[in-house]
Amino acid sequence: MADLLDEFRGLSSPNQPRCWYTAIELNPEDFEALNQALGVPAITNKAVSLWLKRRGISVAAYSVARHRRVDCSCEHTNRG
């Protein structure tokens with residue numbers, strides 16, 4: 001039993017939860033629109049969150065803000 005738990009612990013990152021950006025699934029057109037929106041400071045984190053919600057993806061505005069601040073575990077180069 002301990003061996004199974006060790007495997008789970010090895011797959012977990014206790015200090016950095018998985019970034020929502022790496023977990024979402026969007027069609028290429030929506031993904032491009034998201035990337036563009038993330039790069040426009042006038043588009044609020046709440047607006048991005050609501051836009052994603054309309055596509056069935058639940059992401060809190062503060063999570064969008066963390067991603068924009070590069071304060072997440074995401075290693076994607078296009079952070080907006």
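**Entry 1: the chain as a whole**

I began with burial: 28% of the 80 residues in the protein chain are buried. For me, buried means under 20% relative accessible area, exposed means over 50%, and partly exposed is in between, with a 1.4 Å probe and protein chains only. I note that this is a predicted model, where local features need pLDDT of at least 70 and side-chain atom pairs count only at pLDDT 80 or more, while totals for chains, interfaces and linings use all residues. Residues are numbered from 1 along each chain as its sequence is written, and side-chain values use heavy atoms, with hydrogens and water left out.

Next I looked up the secondary structure and found five helices and zero strands. From the N terminus on, the order reads α-α-α-α-α. Helices here are DSSP runs (H or I, at least four residues), as are strands (E, at least two), numbered from the N terminus.

I then checked the surface. The accessible surface of the protein chain is about 5900 Å², and carbon and sulfur atoms hold 53% of that. The areas come from the Shrake-Rupley method with a 1.4 Å probe; for residues, only the protein chains shown count as cover.

I also looked at contacts, meaning heavy atoms within 4.5 Å. Taking contacts between residues at least 6 apart in sequence, 53% join residues at least 24 apart.

**Entry 2: salt bridges**

How many salt bridges does the count come to? I get two. The rule asks for a side-chain nitrogen of Lys or Arg within 4 Å of a carboxyl oxygen of Asp or Glu.

One of them pairs Arg 55 with Asp 30, and their closest N and O atoms are 3.2 Å apart. This pair links distant parts of the chain, 25 residues apart: Arg 55 is in the loop between α4 (45–54) and α5 (61–68), and Asp 30 is in helix α3 (residues 28–38). Arg 55 is partly exposed at 34% relative accessibility, whereas Asp 30 is buried with a relative accessible area of 16%.

I found another between Arg 69 and Asp 71, with the closest N and O atoms 3.3 Å apart. Arg 69 counts as exposed at 52% relative accessibility, and Asp 71 is partly exposed at 35%. As a reminder to myself, side chains of opposite charge can pair when their charged atoms come close.

**Entry 3: α4 against α5**

I turned to a helix pair. The axes of α4 and α5 come within 8 Å and cross at roughly 115°. From α4, the contact uses Asn 45, Lys 46, Val 48 and Ser 49; from α5, it uses Ala 61, Val 64, Ala 65 and Arg 68. I sorted these residues into four nonpolar, two polar and two charged. The axes are lines fitted to C-alpha atoms, for helices over the stretch in contact, and angles run from 0 to 180 degrees between N-to-C directions. In my sorting, Ala, Val, Leu, Ile, Met, Phe, Trp, Tyr, Cys and Pro count as nonpolar, Asp, Glu, Lys and Arg as charged, and the others, Gly among them, as polar.

**Entry 4: two residues of α5**

Is Val 64 buried or exposed? Val 64, in helix α5, is buried with a relative accessible area of 0%. Leaving aside neighbours within four places in sequence, I see Val 64 in contact with Trp 20, Leu 38, Asn 45, Val 48, Ser 49 and Val 59. The C-alpha atoms of Val 64 and Lys 46 are separated by 8.1 Å, and the two residues are 18 residues apart along the chain.

Ala 65 is also found in helix α5 and is buried, at 14% relative accessible area. Ala 65 and Ser 49 are 16 residues apart in sequence and 9.8 Å apart from C-alpha to C-alpha.

**Entry 5: a backbone angle**

Last, I looked up Val 70, in the segment after α5. Phi of Val 70 is near 60°, a positive value in a residue other than glycine. Most residues other than glycine have a negative phi.
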